[in-house]
Amino acid sequence: MSATLAPTPKHSPVPVSEAPDSPAPSGLEIIAPVRDETSAPGWFLARSEAAWNEFQKLPTPSVKDESWRYSNAKNIELAAHTPAAAATEEQTQKALAASEGLKERTARFVFVNDVLVESQTDALPEGVICVNFAEALKSQGDVLKEHFMKREMTLGSAKFAALHLAHVKAGIVILVPKNVEIEKPIEVFHWVVGDHAAIFPHTLIVSGDNATVSVVDHYRSLDGEGGLSIAIADLVGGTGSRITYAACQELADDAQALHLSSIVARRDANVKSFQVQLGAEFSRSETVSDLVGQGARSDMLSVSMPIGDQVVDQRTLQNHMAPHATSDLLYKNALYGKSRSIFSGLITVDESAHYTDAYQTCRNLLNSDEAEATSLPGLEINADQVKCSHGATSGPISDEELFYLKARGISDIDSRKLIVEGFLADVLKRFGNSEVLDTLVARIDEKLERAV
Amino acid sequence: MSLEIKALHAQIPGREILKGLNLTINPGEVHAIMGPNGSGKSTLSKVLCGHEDYEVTSGEVLLDGENILDMAVDARSRAGLFLAFQYPHEIPGVSNANFLRAALKARLPKGEDIDAIKFYKQLYTRMDQLEMDRSFTSRSVNEGFSGGEKKRNEILQLMMLEPKYAILDETDSGLDIDALKVVSRGVNAMRSEDRGFLVITHYQRLLNYIQPDIVHVMIDGQIVHTGGKELALKLEEKGYDWVKEELLAAA
């Protein structure tokens, strides 16, 4: 109660108000999505409409919700953000100039505030479809209908996924025909510009039988306060095909990021997905691998390096539905300052998935006494002849390692940097694509310079 | 010019280990320290490098006249002191080549980098001398190395960093005779008029291959006896009891 100078009666007849009700809904909570009714197919408009209703109906997950344990869905501040408005010409030019990326690539797309501003597709092999989402709605309706957001979101972000579906209009759709191999990556930049702007980028990759494709999504902020990216990637690996996918999130320090991946690996498919979380005050990734075909393999990799008050929230599911499949997850977080990481991973092996190999490892390197890492690994095995392991570790840099490097004349700061680089190295090595890696390592080193 | 250790006292909480140790190593000299287990030999090497587990309570260590006890671990190394570790640590994910480059770069003025071509030429020459496979450059520092490989790697670092004073802490432990010969050859190649060595060992065997100029006996945190290389043979043959008896008689 605040003190007041005016005389007040001893027993006030005015009822003392309870804690204020939650504020009136605003921002993304109420701003209805704008749909392109003229060119999008009817089924899509219907799903979009239904998703908007579902979004409004679904409650914001509570902190008591198991899938949000140690985290908080309110870190995604829907009320504070609005759908990104079209960028100015100047902003667009600035974003294009800043979209420096791979030297060698098969195609490049740049989106600013969910609007495609550049595409280079000359080097794409014949028969490959690689188009803007809006274009795909017109020309690839059947494929979208078959693969776009088909999986139920079970790791906690169903409400945010519904919002994504209601708003999505940007991102790329890639269909690689049978036996076509695209060796060099397709690179996509998603820029968010302006105060409290929200983007909803989508990535859909469908690889035909024995096809090969590699895609890198970058999520970045240009200027402006806040910023929110609610991104979804659907990766469908056809029989014997290979997909390599990296999501590199480098949004501004006051931005918020959500990235939801659904991976389907069919017979002998090999899907490698990589989450690189470097930016945003709060970032959450949810990655589901459905190993639906015999002999399928999914490598799930992640590195993050939270500093200051950054929070990195990671949820994963390795879902084995067929025999002789392999999933191998390796997540590494190097934490600084008062940052936090939460990893929650589950391996499920259903009755038919005999001879499963499933591995899950999360390692956290604490570079500060105030940083905090939480790991929640889980297993549910219902088949025989299964090899499963999960492990999580957290700890500071070993004093003896540090002493050894310093005893060779390397300064404390440089020794710590070397150790952190070494800590993250095996994840990077497993990702393998050296072109992409060189760029990533440079970005990680930049962040490391800020961290120490 | 010398590495001068003067009346050095050092302890871990509650226990003094070095109890007034005196030793002077001139450039060009190879000193050996022998002594029974627990006499403080390895502690001496760690104290000289600045390991934080040990507290120096009094005394001085002068490296060419400069007191290094106030210097940080890395600064002592850059000043010219090198320790070949008894148990070299593993650094996962950091390749040997990157590690050595970082160590050499730390010796350059800020902003300068080493010449990569010269670096690799030098590195390969040294590795050949130590009969190390080229794959060592890309392997993580000491990770999965055998005992012998680790010790070779220590000598490789010695060869690349070219310190003024090198301490070898039980470099012979865990080595078979062939590895011992290779490692010793590497050390001998580094002997020169402007470099001093302190070889800490438990066994006289090493001193057949790295011949010392001066041999010291360390007991209970002090150098209690000093002689020529023949002293090592006497210790091997008779053990340390006679030294202790002499000490008692003198007391």
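Colleague: What percentage of the 452 residues in chain A do buried residues make up?

Modeller: Keep in mind that this is a predicted model. Buried residues account for 52% of chain A's 452 residues.

Colleague: What radius of gyration does chain A have, and how do I read it?

Modeller: Compare it with a rule for globules. A compact globule with 452 residues would have a value near 22 Å, and chain A has 23 Å, so the two agree. Along the principal axes, its C-alpha atoms fill a box of roughly 85 × 70 × 50 Å.

Colleague: How many helices and strands does chain A have?

Modeller: There are eight helices and 21 strands in chain A. For contacts there between residues at least 6 apart in sequence, 83% link residues at least 24 apart.

Colleague: Let's zoom in. Is A:Gln256 buried or exposed?

Modeller: A residue is called buried when 20 or more other C-beta atoms lie within 10 Å of its own. A:Gln256 has 25 such neighbours, so it counts as buried. It sits in strand 12 of chain A, residues 256–265. Beyond its neighbours within four places in sequence, its contacts include A:Asn75, A:Leu228 and A:Phe282.

Colleague: At what angle do helix 3 and helix 5 of chain B cross?

Modeller: Their axes cross at roughly 35° and come within 11 Å, and the crossing is right-handed. Among the residues that meet are B:Leu100 and B:Leu104 from helix 3 of chain B, and B:Met160 and B:Leu161 from helix 5 of chain B. By class, this contact has five nonpolar, three polar and no charged residues.

Notes:
Residues numbered from 1 in each chain as written. Chains lettered and ligands numbered in written order. Predicted model: local features only at pLDDT ≥ 70, side-chain atom pairs only at ≥ 80, totals over all residues. Helix = DSSP H or I, 4+ residues; strand = E, 2+ residues; numbered from the N terminus. Buried ≥ 20, exposed ≤ 12 C-beta atoms within 10 Å, placed from the backbone. Contact = placed C-beta atoms within 7 Å. Rg over C-alpha atoms; globule rule 2.2 N^0.38 Å. Axes fitted to C-alpha atoms, helices over the stretch in contact; angles between N-to-C directions. Left-handed = near helix turned anticlockwise from the far one by under 90°. Nonpolar A, V, L, I, M, F, W, Y, C, P; charged D, E, K, R; others polar.
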